[in-house]
Amino acid sequence: MSEAPDWLTRGAPHVWRPYCQMKTASAPLPVARTEGARIVLEDGRELLDGIASWWTACHGYNHPHLRAAVQAQLERAPHVMFGGLAHEPAYRLASRLSALLPGDLDHVFFAESGSVSVEIAMKMALQYWINRGVQGRTRFLSFLGGYHGDTLATMTVCDPEEGMHRLFAGVMPAQHVVALPTDDAAEAALVARLEEHGPEIAAMLVEPRVQGAGGMVFHDDEVLRRLRRVADAHDILLIFDEIFVGFGRTGDLFACGGAGVTPDIVTLSKALTGGTLPLSAAVASRRVFEAFWSDDPGAALMHGPTYMANPLACAAANASLDLFEQGRWREDVARIAAGLAAGLAPCRGAPGVVDVRVRGAIGVVELDGPVNAGALGRRFAEAGVWIRPMGRVIYLTPPFVISDEELSRLTSAIVAVVRQEGAARPR
């Protein structure tokens, strides 16, 4: 291992890193640049990125079309406040997202991060009922295995047992967290909960098709149809959190569109800008928006992140949509799905492996217990790949531009590590 660069040594005592115990965590790997599906370290080593920087860099790093769009916007206006002012990139992006989303999801509220967009969706849902004169709708219903962010309100709708936020139990109001209605019995249990507590519930939140950070748990589209029916029957808003699965990851541009189920609000982020700049959106249906359309100033949504609709980020998002409109991504996701299925298949039946599953450009090897994410991550890096296991899963969510040879390198690295782990188990 080469000597750490000066900037890392000088800055390390002052940077608080995410998701790690600072006292015991290994030093991070210093990055010099990125290109395509590769991360180039300061010492010249290249890591093949298997997770697209937390699922954001769907078109690969440093894509020339995205880079050119950001550079052109930088020359015009890098930022301007969105309160009382408007700019073309945001208004064009809102129009394009509305046209691409199903149904009447056509009112776009921009923010900077995914967690904040979920908080905004929750705030919309609460005020929707207040503006309609309905009292007592102050709680939310979400699902076991779900993850919706790390901010205070979003922590309350994450899985309270399997998630990362158990330390904060009792800090915020408890929400209703139940099993996904994957069968008739679970649907009956959901209905029973709503029959008892429905008058206090403002909305249900779900990650459609894949519960991401909660363990890469898949469910089929019938679950979403059940939720829509149940929400309508009990007059409850339905929020889809598509921060992970949105923009092609499961094979459709949006899971809601592919499933044929239109929520009342959908949240977007992650791949929205193709992994270039922070941006998120909470997109509301006409029904929700009209509850705020009033002569009463007090009925307005009083929210406004400082950098909302940042022109640079909106320019990047528009450029990303250009690439999606070209359509190549569909072939790439199908190709990646086939490569993941074939490449990860040797993990089936290995000691400690309980499941191998693929959906779109998501491949998952689930183990029978939590992994040492730091140790396994270092082993992957030594093999020349960037993979960060979490919980009980080792997963891949590569950039759509990854080549077949690069994808094979990623799956081979996982197979090798899984076999080594299995061989090390006591017999």
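Predicted model: local features only at pLDDT ≥ 70, side-chain atom pairs only at ≥ 80, totals over all residues.
Colleague: Why is T154 called buried?

Modeller: Buried means under 20% relative accessible area, and T154 has 0% relative accessibility, so T154 counts as buried. T154 is found in helix α6 and touches S115, V118, E119, H148 and G149, leaving aside residues up to four places away in sequence.

Colleague: What makes the pair T154 and T151 a polar contact?

Modeller: The cut-off for the N or O atoms is 3.5 Å, and the side chains of T154 and T151 are joined at 2.9 Å.

Colleague: Why is L167 called exposed?

Modeller: Exposed means over 50%; L167 has a relative accessible area of 79%, so L167 is exposed. L167 sits in the loop between α6 (152-156) and β6 (176-178). Together with L152, F168, V171 and M172, L167 makes a nonpolar surface patch of about 510 Å².

Colleague: How do you know that R96 and E325 form a salt bridge?

Modeller: The nitrogen must lie within 4 Å of the carboxyl oxygen, and for R96 and E325 the N to O value is 3.2 Å. R96 is in helix α4 and E325 in helix α11, so the pair ties together parts that are 229 residues apart in sequence.

Colleague: Are R96 and E325 buried or exposed?

Modeller: With under 20% as the limit for buried and over 50% for exposed, R96 at 13% counts as buried, whereas E325 at 54% counts as exposed.

Note on methods: Residues numbered from 1 in each chain as written. Heavy atoms only, no water. Patch = residues over 30% accessible without salt bridge, like charges linked within 9 Å, V, L, I, M, F, W, Y side chains within 5 Å. Areas by Shrake-Rupley, 256 points an atom, 1.4 Å probe, with all protein chains shown as cover. Salt bridge = Lys/Arg side-chain N within 4 Å of Asp/Glu carboxyl O. Helix = DSSP H or I, 4+ residues; strand = E, 2+ residues; numbered from the N terminus. Buried < 20%, exposed > 50% of the residue type's maximum accessible area, 1.4 Å probe, protein only. Polar contact = N/O pair within 3.5 Å; in protein donor to acceptor, adjacent residues only side chain to side chain. Contact = heavy atoms within 4.5 Å.
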